[in-house]
Amino acid sequence: MSPIRISCVAVIATMLVGCARKDSTADSTAAAGGGVDSSGASARMAPDSASAAASAVALGTATAAGVGKYLTDANGRSVYAFMKDKKNVSTCADACAAAWPPLGASSAVSTDSSVKSAMVGTITRSDNKSQTTYNGIPVYYYEDDKQSGDIKGQGKNEFGGLWYVVSPTGQSVKRALVADKQITKKK
């Protein structure tokens with residue numbers, strides 16, 4: 001390679017690194033405090049829908065008899081809300097988080113038109129990991145849900161509170177299932 005080409009490549013690489021540093025600095029300083037969780041750690045949430053969309057997960061929906069339409073991850077795994085949580089604050093940690101794993105954040109985008117991307121956000125938990133929220137509700141998986149369409153956590157009373165699947169409107173679905181075999185999957 002000629003010295004001129006090497007210089008051009010070096011200049012472009014320096015510009016790209018500088019841009020990347022500027023973006024990561026802006027992202028890290030853009031989050032605003034959102035509350036305090038059970039350990040006293042601050043929960044952080046994205047301040048606007050553009051930031052929320054950047055940290056969104058690929059959410060979808062499924063339907064179950066007696067429950068109706070509810071949120072899932074991209075693989076059809078049900079997500080739940082803990083009624084003890086506050087808006088943008090998770091109170092489920094340690095043994096609770098082992099049984100009800102928080103839905104982490106990624107950069108995938110939802111393709112399900114029922115999911116409102118403006119309602120998807122993130123918080124930072126007391127363990128410094130990101131957790132997805134929907135309409136400000138921290139969302140979780142349930143350890144006993146083994147396959148797509150399982151909603152075995154619906155209506156459970158564990159760790160001092162009730163657990164429900166979340167509707168695409170951003171509300172907890174507080175209806176009980178009649179039987180697990182009545183679950184139908186959206187294809």
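A disulfide is a pair of cysteine sulfur atoms within 2.5 Å. Please keep in mind that the views below show a predicted model.

**View 1. The disulfide between Cys92 and Cys96.** A search of the whole structure turns up 1 disulfide. Here the sulfur atoms of Cys92 and Cys96 lie 2.0 Å apart. The torsion about their S-S bond is about -110°, so this disulfide is left-handed. Cys92 is buried, with 1% relative accessible area, and Cys96 is buried as well, at 5%.

**View 2. An open sheet of 6 strands.** Follow the strands across in the order E6-E7-E8-E5-E10-E9, with antiparallel pairing. At the edges stand E6 (120–124) and E9 (157–158); each has a single partner strand, so one side of each is left without a neighbour in the sheet.

**View 3. Strands E5 and E8 side by side in antiparallel pairing.** Look here for the 2 bridges that join E5 (residues 80–82) to E8 (residues 137–140). For Tyr80, the bridge partner in E8 is Tyr140.

**View 4. Asn88, a residue with positive phi.** Most residues other than glycine have a negative phi. Asn88 is not a glycine, yet its phi is about 60°. You will find Asn88 in the loop between E5 and helix H3 (95–99). Its relative accessibility is 8%, so Asn88 counts as buried.

**View 5. Asn135, with a positive phi in a loop.** The phi of Asn135 is near 55°. This residue sits in the loop between strand E7 (130–134) and E8. With 27% relative accessibility, Asn135 counts as partly exposed.

Technical notes. Residues numbered from 1 in each chain as written. Predicted model: local features only at pLDDT ≥ 70, side-chain atom pairs only at ≥ 80, totals over all residues. Heavy atoms only, no water. Buried < 20%, exposed > 50% of the residue type's maximum accessible area, 1.4 Å probe, protein only. Pairing = 2+ DSSP bridges. Helix = DSSP H or I, 4+ residues; strand = E, 2+ residues; numbered from the N terminus.
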